[in-house]
Amino acid sequence: MQTMLRTTRFGDIAIDEDRVFHFADGLPGFPGARSFLAMNVEGNDDLYWLQCLEDGALAFLAVSPWSYFPDYEPEVGEADQQALGLDDPDDATVLCLLTVDRDAELITANLLGPLVINTARRVGRQVVLADANWPLAARLGVL
């Protein structure tokens, strides 16, 4: 039997445990949001909805950054790698949270605080690239 989740944005959805990622520390500003279901955005393989399992009203839009920012090179610190249990760099996936400003008709990506996910262990955390010059709101496109 599949577990279902009632969401504000998507209605009732089935939870595929293979696509659930756990953030032990939550996300900044959302400490109770610890488990997320990654759902592909139809028609764009680089975009994902991260639906919170603890709060059906909370979902974030995220992007795999290299399609839009090919020179993006986040350096994840040793402490973050250890916290994620990242022994093999091939197990790491990086996503950047998006902000959609409908009034300005603008979409920006947070390159300064990417989500780093250990896909083998299905754990993630938002890291702050303290020694980097990556912007908090890099222009991705217009609506």
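Figure 1. At 2% relative accessibility, Phe 36 is buried (under 20% relative accessible area; exposed is over 50% and partly exposed in between, with a 1.4 Å probe and protein chains only). Phe 60 also counts as buried, at 16%. The ring centres of Phe 36 and Phe 60 lie 6.1 Å apart and the planes meet at 50 degrees, so the pair is tilted. Rings of Phe, Tyr and Trp (its six-membered ring) pair if their centres lie within 6.5 Å; planes under 30 degrees apart are stacked, over 60 edge-to-face, and the rest tilted. This pair links distant parts of the chain: Phe 36 sits in strand E4 and Phe 60 in strand E6, 24 residues apart. Strands (E, at least two residues) and helices (H or I, at least four) are DSSP runs, numbered from the N terminus. Ring pairs join Phe 23, Phe 30, Phe 36 and Phe 60 into a cluster.

The model is predicted: local features need pLDDT of at least 70, side-chain atom pairs count only at pLDDT 80 or more, and totals for chains, interfaces and linings use all residues. Residues are numbered from 1 along each chain as its sequence is written, and side-chain values use heavy atoms, leaving out hydrogens and water.

**Figure 2. Phe 10 meets Trp 49.** The whole structure holds six aromatic pairs. In one of them, Phe 10 and Trp 49 have ring centres 5.5 Å apart and planes at 70 degrees, so this pair is edge-to-face. Phe 10 lies in the loop between strand E1 (4-7) and strand E2 (11-14), and Trp 49 in strand E5, so the pair ties together parts 39 residues apart in sequence. Phe 10 is partly exposed, at 29%. Trp 49 is buried, at 18%.

**Figure 3. Arg 125 bridges to two aspartates.** A search of the whole structure finds five salt bridges (a side-chain nitrogen of Lys or Arg within 4 Å of a carboxyl oxygen of Asp or Glu). Asp 25 forms one with Arg 125, with the closest N and O atoms 3.5 Å apart. Asp 25 lies in the loop between strand E3 (20-22) and strand E4 (35-41), and Arg 125 in strand E10 (residues 123-126), so parts 100 residues apart in sequence are tied together. Asp 80 also bridges to Arg 125, at 3.0 Å between the closest N and O atoms. Asp 25 is exposed at 53%, Arg 125 partly exposed at 21%, and Asp 80 buried at 17%.

**Figure 4. Asp 87 bridges to Arg 121.** The closest N and O atoms of this salt bridge are 3.8 Å apart. Asp 87 sits in the loop between H1 and strand E7 (92-101), and Arg 121 in the loop between strand E9 (115-118) and E10, 34 residues apart. Asp 87 is exposed, with a relative accessible area of 69%.

**Figure 5. Gln 126 and its neighbours.** Gln 126 is found in strand E10 and is buried, at 19%. A polar atom of the Gln 126 side chain lies 2.8 Å from the backbone oxygen of Gly 113. Leaving out residues up to four places away in sequence, Gln 126 touches several residues, including Phe 23, Leu 27, Leu 97 and Pro 114 (contact means heavy atoms within 4.5 Å).

Key. A polar contact is a pair of N or O atoms within 3.5 Å; within protein, one must be able to donate a hydrogen and the other to accept it, and residues adjacent in sequence count only if both atoms are side-chain atoms.
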